[in-house]
Amino acid sequence: MPGRPVPEPADGRSPGIACVTARILRADRTAVTRAARMLAEGRLVAFPTETVYGLGADAGNATAVARIFEAKRRPADHPLIVHVADLEAAHRWAVLSPQAVALAEAFWPGPLTLIVPRAGHVHDVVTGGQPSVGLRVPSHPVAHALLMEFGNGIAAPSANRFGHVSPTTARHVADDLEDAVDLILDGGASDIGIESTIVALTTDTAMLLRLGGIGADAIAGVLGHPLAQPDSSAPRASGTLASHYAPRTPAHLVDHDVLRAELAQLEDRDERVAVLARTAEPPEAFDGVWLTAPLEAAEYARMLYANLRELDDAKADAILVECVPDDGAWAAIRDRLTRATTGVDDDCD
Ligand code: TXA
Ligand code: MG
């Protein structure tokens, strides 16, 4: 809609959201240019990253950033990640220690978020009033093109309703946020499928706040020592809430060996069940929804949120998720499954 005037925000919501429904555009050059212009106008643009889709606003515009919280229904004190084009741009948002620079050089662009002391100009609405800011340089070509074209930082959480499963396609974003977002750039399905690893570098001790796309061992390799677990001095991170990344249907983690018995019990009670299996086979005459997830960790992660969304859409009474292996390659997946379900690790052998 070139030339169309941007309606004034009549009710404090995003300009135009009362009359314009979310539009998904294939992320070609023209669409990226339009998206950059919309960000500059203070509007919300969802865009693909290699981890999950982000819901972006101009990180330098406090009013625009405030709209993200409204669209997501996210508590106002939860800080956002500022996405930047490269390490040079990151220096404009934070004070980067030699440790931070070493991690950035090793893993950017890519799925690593660094929590670092913020620069003076960074708005409180971005940081949740904390003295630190989260920074990430995404590797997805569309995210990179958007950041280059926009020329400033983009504050963006995952583009889902607060607490819900993160989106890995443009369709997921539209399903969750509908007309609360002004434009959705469609860059296909996210490659990694789970969120970035978050490391806090706000004290002398590097702390792992969230497992994610980069393994803790790889980070420890660059630092020369293992990452510490968060203590009381750690910055707050909502992705570490016990219940997060969750489907709406009650979901449970179940070990392979007891899956059949659990299914039989639920079916005896006439409950409809949706299953995310990996190695298990459906029993004969099973009439719920059965998805078989990939055997390998990276593939499993790539499909995880799409699978959880599909099972949720089945409107079953319960979702059962077969446990995954207990080794390093699966650590981030186990973390997300534990938060998405009522599960504790003890449910898995
Ligand atoms: O992969 C990702 O990280 C995706 C893509 C879009 O980049 N983003 C994402 O954002 O997962 P979000 O908001 O859903 O999760 C970011 C996490 C939250 O748990 C937030 O609390 C934490 O990062 N965070 C951001 N800034 C922080 C800060 N200054 N201090 C502590 N935690 C922070
Ligand atoms: Mg999120």
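User: Why is W330 called buried?

Analyst: Its relative accessible area is 5%. Buried means under 20%, exposed over 50%, and partly exposed in between, using a 1.4 Å probe and protein chains only. So W330 counts as buried. This is a predicted model: local features need pLDDT of at least 70, side-chain atom pairs count only at pLDDT 80 or more, and totals for chains, interfaces and linings use all residues. Residues are numbered from 1 along each chain as its sequence is written, chains are lettered from A and ligands numbered from 1 in the order written, and side-chain values use heavy atoms, without hydrogens and water.

User: What makes the pair of Y245 and Y305 stacked?

Analyst: Rings of Phe, Tyr and Trp (its six-membered ring) pair if their centres lie within 6.5 Å; planes under 30 degrees apart are stacked, over 60 edge-to-face, the rest tilted. The centres of Y245 and Y305 are 6.5 Å apart and the planes stand at 15°, so the pair is stacked.

User: And what is the pair of Y300 and W330 called?

Analyst: Edge-to-face: the centres are 5.1 Å apart, with 70° between the planes.

User: Why is Y300 called buried?

Analyst: Y300 has a relative accessible area of 2%, so it is buried.

User: How do you know that R336 lies over the face of Y245?

Analyst: R336 is at 4.9 Å from the ring centre. The rule asks for NZ of Lys or CZ of Arg within 6 Å of the ring centre and within 35 degrees of the ring normal. R336 is therefore counted as lying over the face of Y245.
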